[in-house]
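Please open the model in your viewer and keep the selection tool at hand.

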Amino acid sequence: MKDKDYYEKGLKYLNEEKYEKAIKQFDKALKINPENIGALINKGGILGRLGDICKKDEGKEKYYEKALECFDEVLKIDPENEWALINKGGILGRLGDICKK
């Protein structure tokens with residue numbers, strides 16, 4: 001299979017809110033093509049979402065940090081990628097909220 005095939009499967013799972021399965025598919029796509037920006041952004045978005053719904057601050061922080069890694073990877077490939085910049089800003093804001101507690 002091609003990275004595109006795994007990416008599309010990941011999107012299907014994402015739309016069904018099957019986040020863990022979606023991440024696995026995006027990871028498979030990234031193993032084939034580490035510069036698959038769509039897979040990185042969607043994986044980061046899922047990790048951010050999982051951080052939002054996590055009950056413990058330590059768990060939230062872990063998910064947010066992993067999400068930031070995805071967005072930072074996109075910005076290495078495309079420094080002006082608006083989706084990565086917007087999402088990174090949102091995650092940094094959430095991390096700041098945790099630190100204020």
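Is Lys18 buried, partly exposed or exposed? With a relative accessibility of 38%, Lys18 counts as partly exposed; in these terms, buried means under 20% relative accessible area, exposed means over 50%, and partly exposed lies in between, for a 1.4 Å probe and protein chains only.

Before continuing, note that this is a predicted model, in which local features need pLDDT of at least 70 and side-chain atom pairs count only at pLDDT 80 or more, while totals for chains, interfaces and linings use all residues. Residues are numbered from 1 along each chain as its sequence is written, and side-chain values use heavy atoms, with hydrogens and water left out.

**First stop: Glu16 and Lys18**

Select Glu16 together with Lys18: a salt bridge joins them, and their closest N and O atoms are 3.3 Å apart. A salt bridge is a side-chain nitrogen of Lys or Arg within 4 Å of a carboxyl oxygen of Asp or Glu. Glu16 is partly exposed, at 37% relative accessible area. The structure holds six salt bridges.

**Second stop: Asp27 and Lys43**

Now select Asp27 and Lys43, whose side chains meet in a salt bridge of 2.6 Å, N to O. Asp27 belongs to helix 2 and Lys43 to helix 3 (residues 37-53), so this pair ties together parts that are 16 residues apart in sequence. Helices here are DSSP runs (H or I, at least four residues), numbered from the N terminus. Asp27 is partly exposed at 33% relative accessibility, whereas Lys43 is buried at 18%.

Move on to Asp72 and Lys88, which form a salt bridge with the closest N and O atoms 2.7 Å apart. The pair links distant parts of the chain, since Lys88 is in helix 5 (residues 82-100) and Asp72 in helix 4 (residues 57-77), 16 residues apart. Both count as partly exposed: Lys88 at 24% relative accessibility and Asp72 at 30%.

Phe26 is buried, with a relative accessible area of 0%.

How values were computed:
Helix = DSSP H or I, 4+ residues; strand = E, 2+ residues; numbered from the N terminus.
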